[in-house]
Amino acid sequence: MRPHHLAAALLACAGLVLSFGAHAQGRKPAGPIVIKFSHVVAPDTPKGRAAERFKLLAEQMSGGRVRVEVYPNSQLYRDREELEALQLGAVQMLAPSLAKFSPLGVKEFEAFDLPYIFPSKQALYAVTEGRIGRGLLRKLETKGITGLAYWDNGFKIMSANKPLLAPADFGGLRMRIQSSRVLDEQMRVLGAQPLALAFSETASALRDGVVQGTENTPSNMYTQRMHETQTHLTVSNHGYLGYAVIVNKKFWDGLPAGIRRTLERAMVEATAYEKAIAQRANDDALAAIRRAGTTQIHTLTPQQQAAWRRAMAPVYARMEQRIGKDVVGAIRREAGGL
Ligand code: LMR
């Protein structure tokens, strides 16, 4: 954590203790309850827009008793730091991608990164909205974190400065990934060299040639202008990128029960909104990249798709042990993927 962030974290903890004290003694805290919601993407993305929607709903529904401050674009913290800040209570709410939970010691979320595990959004929702999804969120409790909801982004595409049509095309390319061992393995089986970088560093790493390619959703690529430095892009939909909305458990449990229920309702509505806009946002972003004319967009033939699947299949056997055979098996049964 950067030094000024650490100081901010400690001050925030002190504030939190004071406000818990007020709740515990039955006194109303002086001002509104403040929720700092930090995230790493642009405001005009599915997550960015849903964070703003949650702010609007929470503030309206609580009649101003809650104020939500949204900090997009890693303004406060980068990926790893934001998880530390949440645990310290310097921020109260985050929505990290499911690929970023293993530093907390909850490796099971990396199952969502397995290539081709979800054949459709419906299959994904069967997992996130069912017993498996709830069970995974509960695992966060021992880390001082409460999981509130799953938010969507979408299926990922691959980009580089050369066409990526066959697995062999990845040979020797340095590819930026999120900090997930499954994604690391996925790039290795393709013959690429994975490099885990914070999201906030990715666009510049592509520009400066630190990495030659990456994978992400069209909305993340477009809003970070990655297409301006990536000449080729393949609509491979080979993996999924989504989020868990999480809060500091102590903060959440310390809220007056009525406020907590109001915030839960606001979250249900914000989540429905998020799911409704995510696909469209990605379709629009892909169309905008096409219009920009900087990047050649490739789609795979059925034969090429089959070759990608075959090349990535070994990731399952190599990562099952790490993620947990039970979780991978349960998700595969529920989702009916690869
Ligand atoms: C990434 O690091 O590529 C994504 O997790 C960013 C995000 O939050 O969508």
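Mentor: α4 (121-128), β4 (145-155) and β10 (240-248) each supply at least two residues of the second largest cavity's lining; helices (H or I, at least four residues) and strands (E, at least two) are DSSP runs, numbered from the N terminus. Do keep in mind that this is a predicted model, where local features need pLDDT of at least 70, side-chain atom pairs count only at pLDDT 80 or more, and totals for chains, interfaces and linings use all residues. Residues are numbered from 1 along each chain as its sequence is written, and side-chain values use heavy atoms, leaving out hydrogens and water.

Around this cavity sit Leu-98, Leu-124, Tyr-125, Thr-128, Tyr-150, Trp-151, Asp-152, Tyr-240, Gly-242, Tyr-243 and Lys-275. A cavity here is a set of points on a 1 Å grid over the protein atoms alone where a 1.4 Å probe fits but cannot get out, and lining residues have an atom within 4 Å of a point. By class, seven of the lining residues are nonpolar, two polar and two charged; Ala, Val, Leu, Ile, Met, Phe, Trp, Tyr, Cys and Pro count as nonpolar, Asp, Glu, Lys and Arg as charged, and the others, Gly among them, as polar.

The volume is about 40 Å³, meaning the space filled by probe spheres set on the points, which are joined across faces, edges and corners. The largest cavity's lining has five nonpolar, four polar and three charged residues.

Methods
On a 1 Å grid over the protein atoms alone, a cavity is a set of points where a 1.4 Å probe fits but cannot get out, and a pocket is an open set with protein on both sides within 12 Å along at least five of seven lines; lining residues have an atom within 4 Å of a point.
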